[in-house]
Amino acid sequence: MLWSALATPSGAAPPGSGHGGEASLVLPDLGAVTTVGGFSGRGLLALGLVVCLMGLVFGLVSFVQLRRMPVHQTMREVSELIYSTCKAYLLQQGKFLVLLWAFIAAVIVVYYKVLVGFEWGRVAIVIAFSLIGMAGSYSVAWFGIRVNTFANSRTAYAALRGRPLPLHRVPLRSGMSIGMVLISVELLMMLVILLLLPADIAGACFIGFAIGESLGAAALRIAGGIFTKIADIGSDLMKIAFKIKEDDARNPGVIADCTGDNAGDSVGPSADGFETYGVTGVALVTFVLLGVSDPGVQATLLVWLFVLRAVMIVASGVSYLANDTWARRRWAKAESMDFEAPLTSLVWLTSGVCIVAAYGTTYLVLGTGATASLWWKLATIVAFGTLAGALIPELVKVFTSTSSRHVREVVKSSREGGPSLNILSGLVAGNFSAYWLGIAIVGLMGGAALVAEQGLDQIMVAPAVFAFGLVAFGFLGMGPVTIAVDSYGPVTDNAQSVYELSMIEDVEGIDEELLALQGSEPQWARAKQMLEENDGAGNTFKATAKPVLIGTAVVGATTMIFSIIMGLTEGLTTQVSNLSLLHPPFLLGLVTGGAVIFWFTGASIQAVTTGAYRAVEFIRTSIRLDGQSKASEADSRRVVEICTQYAQQGMLTMFLGLFFATLAFAFVEPFFFIGYLVSIAIFGLYQAIFMANAGGAWDNAKKIVEVDLHAKGTALHDATIVGDTVGDPYKDTSSVALNPVIKFTTLFGLLAVDLAVNLNDDGHGGLVVGLAVVFFLASAYFVHRSFSGMRIETSLTDDEPAELDDAPLDDPAGTTEDLTPLAEVAPVP
């Protein structure tokens, strides 16, 4: 029977609890841990609570400082309008999340109460912590948009002085505020479970918490990615159609684009980072309780993991302050600067400080007792992951930076080949990046596995799996900085838009007003140039964070899959041969996972395509270029509504497809499901890296044409805009959504496969088969609906809505495409 072989004195299920998997795990006595110097384990963890509170204070102080920074009223009004539309979007998403949570809560009740037989109190704990986890993802996302919408107008205003340094410091300060709050809240919640709640309910708390935050991240990341790219494409295409400038105030799609920058590039990564940090922690806790037999070693490792997390928050904060001091000294009076340089130095400095901190902390906690000879090995494994947090961004820049040869190749190919060769060159960059980043990840994981073989088997089973989890742990060690450089991008993008939408240059007497306010004349041309350059740096570092998060998802998923394997093989004692290509279900599962990944990327792009079509349709007929200085607020909000509608519709269909697919494949056969999870992770890794970096290359190719070549409005610019609109859903919808998809599928799969195995063991094999068929049919229905329900319902020859499938294939009128170029469609007077 599943999990029956996993009972240990410290990890056993409480009497009468049945199976229950991770929810039945019991924590060892953390107070019994004694470290080098005589510190107690619980005492060190209590200091971790203090560190979390300090991290929250750091973030909140930065929040207050940003709000109090000087800003012109015209710019503040724009940023507040953006925030108000973001609020409306998030409120809608909150209601949507509750609906999705109902599906998960139903499975939790059926599994834990009906099948396992938990008492209602324990079931309520799992459900309650799933709500807490979901609320955590939602709350940090809300905090992120509020901080970023303060920072965007302050950055735009700071540019008027003509000095580049403030344009770097303001977005980075807002990013660090988000990063510190996000990581501190996450760690605080987990430490509360460890320290303040009874040990016998900790497992239920952790699994509920992980499920909730995974659900929140999946919904916010996927829906946000669809929203932002509908708005972005709709806004960008107007530049070609009407030959208008970037972020033209008369374009009602620009406010939606700004809202999308927050919904997709701020809300999504914040929720995603929150979930990634938490789920990786839960996976490692589960491994320790299942893979380590000695309760004393279990307790020591758990204390070490969470003390190290607290220390790395401090290391990230110290690194940021040191790097900021260096940047101020170097560029305080500079007329120009490379905006990527201080971001790069921050990432490498943080990585180095975290590695040093990892060795010192590991010796302090693990330098005595059964782990005395292993402390440096465990620290080295963590160092591999922390090194990856700096090395992977460097590799990403090779394919996405404005100085990259690959990106410049995209521009060169566009000169003569137009959009066609632009797109082909971007695909080349994406494919090459998948190779090099894949090799780098394999090298780092391989190095960790080799170190793990040097004695870790003395204290645990499958030490290489634990090493892979620690690599993911190391990835996230510098989490505040990773989130900060990722959040830098949406602020710089919004700042450029706020500048244009404010129309500050047209305000009567503005030069004299600004001279009185800031003591210097505004540098209009210089300000716009710097905002463009800074946006290029933001694009690059948005791209660098994506592979770090997807890499963490894949490496961390390995640890969670191990938990399932331990249960299916009764502690690696039976059926191990089924984890082989010689076992047909396992091989078939490997094939099936790839199919799901490719469906999901297609479905997410379909949602963007249809939504963008409707957005373009509305903008094209409502835009007013003559006699109007800016679009009406009503028209702008209508575009936001269109984006929200298609984001939620696409998200619901895809979520239900994944939900029922997970249940179906878990019920088919347990080792089929293991193969499926492995395949989801591997296919997802390479698909995400390829799509993210191809999109990044297209994005910054356009930026080179705009900033370096000053070629806006030319055929070359139009070609790069087309490439960028192809890359938009690649980099900011499909690729980034694969991260929460991998983790949600694996985490929810822990419940699903345990449910199926226990039903089968209880003599309900026929029911299991029947449910597998029902769940698969439900999944196939939603897969079908993800296209049929989202397709563009307009005939080839008519602008009126019509069912395309109704046109006879032999009817010339049904097969002749309307080839009227969008640019030739006159605006409505």
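The model is predicted, and local features need pLDDT of at least 70, side-chain atom pairs count only at pLDDT 80 or more, while totals for chains, interfaces and linings use all residues. Residues are numbered from 1 along each chain as its sequence is written, and side-chain values use heavy atoms, with hydrogens and water left out.

**Helix 5**

Select residues 202–242, which form helix 5; helices here are DSSP runs of H or I with at least four residues, numbered from the N terminus. Its end C-alpha atoms are 59 Å apart, in agreement with the 60 Å that 41 residues should span at 1.5 Å a residue (the expected span is 1.5 Å times one less than the number of residues). Of these 41 residues, 40 are buried (buried means under 20% relative accessible area, exposed over 50%, partly exposed in between, with a 1.4 Å probe and protein chains only). Just after helix 5, Lys243 takes a positive phi of about 55°.

**Helices 6 and 12**

Next, select residues 253–291 (helix 6) and 479–502 (helix 12), whose axes come within 10 Å and cross at roughly 170°. Axes are lines fitted to C-alpha atoms over the stretch in contact, and angles run from 0 to 180 degrees between N-to-C directions. Helix 6 is therefore roughly antiparallel to helix 12 (a term for angles over 145 degrees). Among the residues that meet are Asp261, Asn262 and Asp265 in helix 6, and Asp486, Asp493 and Asn494 in helix 12; contact means heavy atoms within 4.5 Å.

**Gln496**

Remain in helix 12 and select Gln496. Gln496 is buried because its relative accessibility is 6%. Leaving aside neighbours within four places in sequence, its contacts are Glu246, Asp247, Leu531, Glu532, Asp535 and Lys703.

**Asp732**

Move to helix 18 (residues 715–761) and select Asp732. At 2% relative accessibility, Asp732 is buried. Beyond neighbours within four places in sequence, Asp732 is in contact with Gly225, Thr228, Lys229, Asp265 and Lys546.

**Two loops**

Most residues other than glycine have a negative phi. Select Gln575, in the loop between helix 14 (524–568) and helix 15 (584–622): its phi is positive, near 60°. Gln575 is partly exposed, at 42% relative accessible area. Finally, select His710, in the loop between helix 17 (670–707) and helix 18. His710 has a positive phi near 50° and counts as exposed, at 56% relative accessibility.

Notes: Angles under 35 degrees count as roughly parallel, over 145 as roughly antiparallel, 65 to 115 as roughly perpendicular and the rest as oblique.
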